[in-house]
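Subject: Structure handover

Hello,

Here is the structure I said I would pass on. My notes come after it.

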Amino acid sequence: MADAGYQRIATEEAFAPPELMALWRNMLETGTDLDPGFVSLVGFYARHGSERARAVSERLQDLGERRLADMDAAGIGRQIVSLTAPGTQVLDADQAVPMATLANDRLAEACRRHPDRLTGLTAIAPQDPAAAAEEIARGAGLGFKGVIINSHTHGEYLDNQKFWPILEAAEALDTPIYLHPTAPPRTMIEPLVEAGLDGAIYGFAVETGMHLLRMITAGVFDRFPRLRVVVGHLGEALPFWLYRLDYMHAASVRSGRYEAMRPIARTPSEYLRENVWVTTSGMAWPPAIMFCREVLGGDRVLYAMDYPYQYVPDEVSVQDDLPLDETAKKAFFQTNAERVFGL
Ligand code: CA
């Protein structure tokens, strides 16, 4: 691709170490009473015979030549790489903690080999919040520029105070948390999976949007005002809901309807404009991108591809052609990411 006048930094790009893929496959083969979201998501990508599943599974495990060749072919200068969903979050704590360490060591090694092409985010095992907080600090020492959390952990959410050591560590190190989707938990998935809608088509957005919204309405950002959260898929539909979120949140607080919904310092949309950044992973659709820029601000919207799940080089050209001036387009592809992740 010709020099565009900006570097394309893709901010939500996934990998999985072969050891984790093997552990997942073993769970699928020998586990009992498995989480239905794990069976649906990992059962497909790790074991299904389709061309799509095979291509994604192979690419996830490559942090070298194949990935770099794909980046070259699509004009991507740098990937911000993170452990793919469900990461370690479906494991028991005693397996999850060492697997997060292993994943981070592998990713750090790849980033050291290709410092001009790859930047990592720190994987953690939220099942052990104290160990996770330590791993966030270790990840910063390895040169990682944020933390990846693949949404819920065994059906629990980050507004739960047991996870707050994680948020405290991220805030103290001024490192953003990328809140990425995973399959909805057992308590939520049934009508979605029954219709084939539990995955990226819709269920991911419903569950992850709710996760971020729970954090906002529970007052997480009042407790951690400098916490920064990056969320993919153009904010998991929340930007489209800003008006209704603000109206109904105020109405619910006033009426005292819910014990869990107490007054917070600002409106939901204010937190979404001040603590949250969104990326375009899987959403190469100019009207929606321009809408997010309009309602959140041009400095809040970052480019992402969603490699290898949505490796479509033509989608890069679509976003090259966004109706933006040169400065705004450079911010979208490059300088917003440099600022948010401290590159
Ligand atoms: Ca993704």
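Predicted model: local features only at pLDDT ≥ 70, side-chain atom pairs only at ≥ 80, totals over all residues.

Metal site. The calcium ion has three residues as its protein donors: Glu12 through OE, His180 through NE2 and Asp306 through OD, at distances of 2.1 to 2.3 Å. Along the sequence these donors follow the spacing E-x167-H-x125-D. Glu12 belongs to strand β1 (residues 9–15), while Asp306 is in the loop between β9 (301–302) and α15 (313–320), so this pair ties together parts 294 residues apart in sequence. Glu12 and Asp306 are both buried.

Aromatic pairs. The count is 10 aromatic pairs. One of them is Phe221 with Tyr271, a tilted pair with 6.2 Å centre to centre and 35° between the planes. Phe221 sits in helix α10 (residues 220–223) and Tyr271 in helix α13 (residues 268–274), 50 residues apart. Both of these residues, Phe221 and Tyr271, are buried.

Phe240 and Phe291 also form a tilted pair, because their ring centres are 6.0 Å apart and their planes lie at 55°. Phe240 is in the loop between α11 (233–236) and α12 (242–255), and Phe291 is in helix α14 (residues 286–296), so the pair joins parts 51 residues apart in sequence. Phe240 counts as exposed, at 68% relative accessibility, and Phe291 as partly exposed, at 30%.

Ring pairs also connect Tyr6, Tyr303, Phe332 and Phe333 into a cluster.

Charges over a ring. Trp277 has the charged end of Arg228 over its ring, 6.0 Å from the centre. Arg300 lies over the face of Trp277 too, at 4.0 Å from the ring centre.

Regards

Note on methods. Residues numbered from 1 in each chain as written. Heavy atoms only, no water. Donors = N, O, S within 2.8 Å, 3.2 Å for Na, K, Ca; no water. Helix = DSSP H or I, 4+ residues; strand = E, 2+ residues; numbered from the N terminus. Buried < 20%, exposed > 50% of the residue type's maximum accessible area, 1.4 Å probe, protein only. Phe/Tyr/Trp six-rings, centres within 6.5 Å; stacked < 30°, edge-to-face > 60°. Lys NZ or Arg CZ within 6 Å of the ring centre and 35° of its normal.
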